[in-house]
Amino acid sequence: MRDKTDYIIVEFSKAIFIYGLVAMSFIGLGFYSFVTLEHEGHWLTGMNNQIVWGLPHVFAIFLIIAASGVLNIASISSVFNIKIYKPLGRLSALLAISLLTGGLIVLVLDLGRPDRLIVAMTTFNFKSIFAWNVFLYSGFMAVVALYLWMMFEARYNKFVGKVGTFAFAWRVTLTTGTGSIFAFLVAKEAYNGALLAPLFIALSLLVGTAFFYKILFWMDRGLGIPLGSEIIKRFRKLLIYFIFTVFYITILSHLTNLYVTKNHGYEFFLLFSGNIYTFLFWGCQMIIGTLFPLLILYNKKLSKSASGLLYASILVLFGGFSMLYVIIISGQAFPLDLFPGYIERSSFFDGVEATYVPSIYEFMLGLGGVGIAAAIYLFAIMVLDFTPRSLDNAATAMANVPEPVTEEQLEEEKESQEEVVDEKSSVPPDQKTTEELETEEKNKSADEGKPAEE
Amino acid sequence: MKKYKIKLDRRNFLKSSGMLGMSSLAPGVFFQELAHARPLNEPASSKNRWGLLIDANQCSEDCNACVTACNEEHGIEDFGRPTTDTQYIRKLNLTHEDSGESLTIPMMCQHCENPPCVDVCPTGASFIRADGIVLVNKHTCIGCRYCMMSCPYKARSFIHENLENQVPHTPRGKGCVESCNLCVHKVDKGENTTACAEACNKDGHQAILFGDLNDPESEISKKLNKYKTTEVRSDLGLNTAVRYRGI
């Protein structure tokens, strides 16, 4: 179905200037950090031979999973056919590309040898989930670019559903790949579990939705694109679903660990030992990132206001970031147990909890990724019509009105129906596939002039 | 003076020359087989599997000779930053939680047959040679540190700073990951030892024995047959080439 949304090319304004300036300063800080680390080496960071992945990786993975999650909004409209999200499809894909670029740049610039990126792009060990991720990430870019093309080009709008479904499958695989970076580590008690993949998928949906809402709020206040209560209502529901999903898988993974005696050490270390990770888990992830947003989202007044949802989104983003920090850093900080039953001591910090204090360089590098994502987004909305003119209730309701049927379309439909009849004459009715049955239902509802959604 | 009469007919001459020939060639062939030294232009062979046997009973807590020798051999510098300084080998002191029994052992890359570091390396820079030595190709290592995340023995170090005056046989450089290479330069020269084993022997402890696990006649194989030895984290099924006795 053709997209009837009225899109605009955003003109230069005060909001664009301010955010552009912030993005450019972030990029400047990131670049300075990269050049310094490249020149001096990683000893300037807080990372060491015990904590080998630090704050840049938290930033990178945060941006990568946000990229995957933010595309969910486009998927809801084109895969699950909920049309109120249709005007957000283009933005959703753009944000996915920009966030992924930001995340990948942080990951690459933190490499010990970023100059060897070409080696990483041309020499593969397919047993490594990292090598798979190179394909998953670059493929994601290509698939989302194709998806955007289908959304932009009116003639190809009819393919949006199919390409969107493919992008959806790719996205789920991509986040599975990101979660599997940790799930496939046999040596560390904190990881080594397939639950990390669904946990990352759930977190990506949550973080992506919160991030998208933040952009919508900014568009409303900064760019003057009115945000209707219908969209707010939908985002509230999505946030609630995803908060509960992440909470459920988190509890499940900790209960699984608590059941296995050999993992008690790590669970105690994380949940009860009173270190920084305990604080981040309970304080930042569970209370600030889970409980507080839920209180807001279930509050009668706040849950209906645009600002209330913004606060919830910001808290969710904070909680998600803390969660990744806890997963990535605490898993490394907990000492490996090479000789169970023995207390281990060495000059290489065996048997002791590793300390990690992120340096300003790592923080700047992470901000650089955020800056790049923001800059791509700001540039793109100023050159192409990504942004819907309005997201108020009237505009989003328009997306649900069936478009007037043209003569050409009628002919096309007739032809396709004839083809279907031909095909079906050779297939007994009891052998119809689910897909065929669905198409029939859709055709029926289209005939009746009702929207086939929800 | 007694005269000896040599009876040298054709049969005896051929017999004697044959025996002489055999006796002069045999040690060469035999010892060559024992040492498995091979010309440098030939690739490493899976006929060998190089490894170490470490005897915790012989290792002394106040001795650090293996660590010092390793650092010297590979040109590993001390930057005074213990959290980021490279360590190929370290002394690990163990105290039993209940009995208080204490022992000390050197710990290094265990040269697994199924190394997790090789599995996770995206570019294949971490690799295992045909003769079982796990190495890092310094030309293709991108410094992602995934191998360090995956190593169950904490055997790897990342080079955090600029280096100078590296030794030619151990190429090292900022931004790459490295670990014990089982003194591969010595192995390739047929020296049949490692710097740590040499130093330990020199100090009279003889706690580290280098050898070919695939050669049933090697000292290491004989000892592995005779004594009970342990693989660290044998539960992971990695089949390490470094074995421990007395732990």
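**A strand and its surroundings**

Mentor: Both faces of β1(B) are covered: Trp50(B), Leu52(B) and Ile54(B) on one side, and Gly51(B), Leu53(B) and Asp55(B) on the other, are all buried. Keep in mind that this is a predicted model.

Trainee: Why is strand β1 of chain B described as largely enclosed by the rest of the structure?

Mentor: Burial is judged by counting neighbours: a residue is buried if 20 or more other C-beta atoms lie within 10 Å of its own. In β1(B), residues 50-55, six of the six residues are buried, so the strand is largely enclosed by the rest of the structure. For chain B as a whole, buried residues make up 43% of the 247 residues.

Trainee: How do I find which strands pair with β1(B), and in which sense?

Mentor: Look for bridges on either side of the strand. With β8(B), residues 208-212, the strand β1(B) forms five bridges in the antiparallel sense. With β10(B), residues 242-245, it forms four bridges and runs parallel. Leu53(B) shows both pairings: its bridge partner in β8(B) is Leu209(B), and in β10(B) it stands opposite Arg243(B).

Trainee: What is the order of the strands in the open sheet?

Mentor: The order is β8-β1-β10-β9 in chain B, four strands with mixed pairing. The edge strands are β8 and β9 (229-230), each of which pairs on one side only. Two bridges join β9(B) to β10(B) in the antiparallel sense, and one of the pairs is Thr229(B) with Arg245(B).

Trainee: Which helix lies across these strands?

Mentor: Helix α7 of chain B, residues 219-226, lies across β1, β8, β9 and β10 of chain B, and runs at about 110° to β8(B). Chain B has seven helices and 10 strands in total.

Trainee: How do I read the place where the two chains touch?

Mentor: Start with the residues on each side. Chain B gives 45 residues to the contact and chain A gives 37. On the side of chain B, β2 (89-96), α3 (116-120), α4 (146-150) and β6 (157-158) each supply at least two residues. The largest share, seven residues, comes from β2(B). By kind, the residues on this side divide into 20 nonpolar, 15 polar and 10 charged.

Trainee: Which strand of chain A is joined to β2(B)?

Mentor: Strand β2 of chain A, residues 342-346, is joined to β2(B) by five bridges, and the two run antiparallel. Tyr342(A) has His96(B) as its bridge partner.

Trainee: How do I check the length of a helix against its residue count?

Mentor: Compare the expected span with the distance between the end C-alpha atoms. At 1.5 Å a residue, the 21 residues of helix α4 of chain A (residues 89-109) should span 30 Å, and the end C-alpha atoms are 30 Å apart, which agrees. This helix is mostly covered, with 20 of its 21 residues buried.

Trainee: Is Glu164(B) buried or exposed?

Mentor: Apply the neighbour count again; a residue is exposed if the count is 12 or fewer. Glu164(B) has 6 other C-beta atoms within 10 Å, so it is exposed. Its place is in the loop between β6 and β7 (177-178) of chain B. Glu164(B) and Gly75(B) are 89 residues apart along the chain, yet their C-alpha atoms are separated by 9.4 Å.

Terms used:
Residues numbered from 1 in each chain as written. Chains lettered and ligands numbered in written order. Predicted model: local features only at pLDDT ≥ 70, side-chain atom pairs only at ≥ 80, totals over all residues. Expected span 1.5 Å × (residues − 1). Pairing = 2+ DSSP bridges. Contact = placed C-beta atoms within 7 Å. Nonpolar A, V, L, I, M, F, W, Y, C, P; charged D, E, K, R; others polar. Axes fitted to C-alpha atoms, helices over the stretch in contact; angles between N-to-C directions.
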